[in-house]
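Subject: Structure for you to look at

Hello,

Here is the structure I said I would pass on. My notes follow below it.

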Amino acid sequence: MRLISLYLIGLVFGVGISISGMANPAKVLNFFDIAGTWDPSLAFVMGGALIVTFIGYRFVLKRPAPMMSESFQLPTRRDLDLPLIAGSAVFGIGWGISGFCPGGALPALGTGRIEVVTFVIALLAGIFVAKVLQSMLAKRAPVQI
Amino acid sequence: METVFTPFLSFGGGVLIGLSAILLMATAGRIMGATGILAGLLQPSNFSDWSWRATVLAGMVTGPVAVMFFTGEFPAVQVPISTTMLIIGGFIVGLGVRVGAGWTSGHGVCGMARLSPRSIAATLTFMITTGITVYVVRHMLGA
């Protein structure tokens, strides 16, 4: 029962990404190409997702606990730090080059397209290398920012 | 490459993305972030942690198949860049998402909906660098 629900939730996300255009790099890149072949569609994806989530979270998070788990697992940090901003900036560069973000690319794997598989392998390589670098830095000296 | 402006489909897709985020919070108590789900899948803390991530991911991947079932064709995936650029872009996205903790779905939707200052800052930052990158690649490098 729990796994069926989770599967369906993933499916709703995957269908949403598919019809929204987030799985299509040409559309994503055109959203940012105001000076060229601009396509404002992604503003509507963001708008639709934010309105629904903003309202829905208000109701859900009022409950004492989620239905299938002991507690809500929410990030508690509210401070801004260098890794967050630098990571965001780097992510934007990669997104601007490729037009794929993880949320768009993972559902797009279902199309079986070689370009998507290529992106996801490169994505995993990037995550792995960053992880190795982080643990090397952490062993050398604790970084205080 | 020109693409067609699809306000209604895109808004509808956004609503479904939001709906799945609410449902995941209501059931498993988790943030719907593709990167977080993927990262935890590769480095699970226990079997139950691995199984919920794998199941959500399986659902995500069958999204395009469901679309294919109803419309007769897969959703468009048009890649207007070379394989080299795709690999470079993917690698850089991987570096970025690891250093922070997920972006478009995690910060851009779930975090923003919670009015988390970190997510708002992250979203503004990547929107700016993405825009600059697209401008540089398309209009200055002419790729």
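H1(B) is mostly covered, with 16 of its 21 residues buried. A residue is buried if 20 or more other C-beta atoms lie within 10 Å of its own, exposed if 12 or fewer, and partly exposed in between, with C-beta atoms placed from the backbone. Helices here are DSSP runs (H or I, at least four residues), as are strands (E, at least two), numbered from the N terminus.

This is a predicted model, in which local features need pLDDT of at least 70 and side-chain atom pairs count only at pLDDT 80 or more, while totals for chains, interfaces and linings use all residues. Residues are numbered from 1 along each chain as its sequence is written, and chains are lettered from A and ligands numbered from 1 in the order in which they are written.

From first C-alpha to last, H1(B) reaches 30 Å, close to the 30 Å expected at 1.5 Å a residue (the expected span is 1.5 Å times one less than the number of residues). Just after H1(B), B:Gly29 has a positive phi of about 75°.

On the interface: 100 residues of chain B are in contact with 98 residues of chain A, contact meaning C-beta atoms, placed from the backbone, within 7 Å. H1(B) gives the largest share of chain B's side, 20 residues. By class, that side has 61 nonpolar, 33 polar and six charged residues. Ala, Val, Leu, Ile, Met, Phe, Trp, Tyr, Cys and Pro count as nonpolar, Asp, Glu, Lys and Arg as charged, and the others, Gly among them, as polar.

Beyond its neighbours within four places in sequence, A:Ala105 is in contact with A:Phe100, A:Val116, A:Phe119, A:Val120 and A:Leu123.

Chain A has six helices and zero strands. Its radius of gyration (over C-alpha atoms) is 18 Å, well over the 15 Å that the globule rule (2.2 Å times the number of residues to the power 0.38) gives for 145 residues, so chain A is more spread out than a compact globule. Buried residues make up 49% of chain A. In H3(A), residues 41-60, the buried ones include A:Phe44, A:Val52 and A:Tyr57.

Regards

Methods: Two residues are in contact if their C-beta atoms, placed from the backbone, lie within 7 Å.
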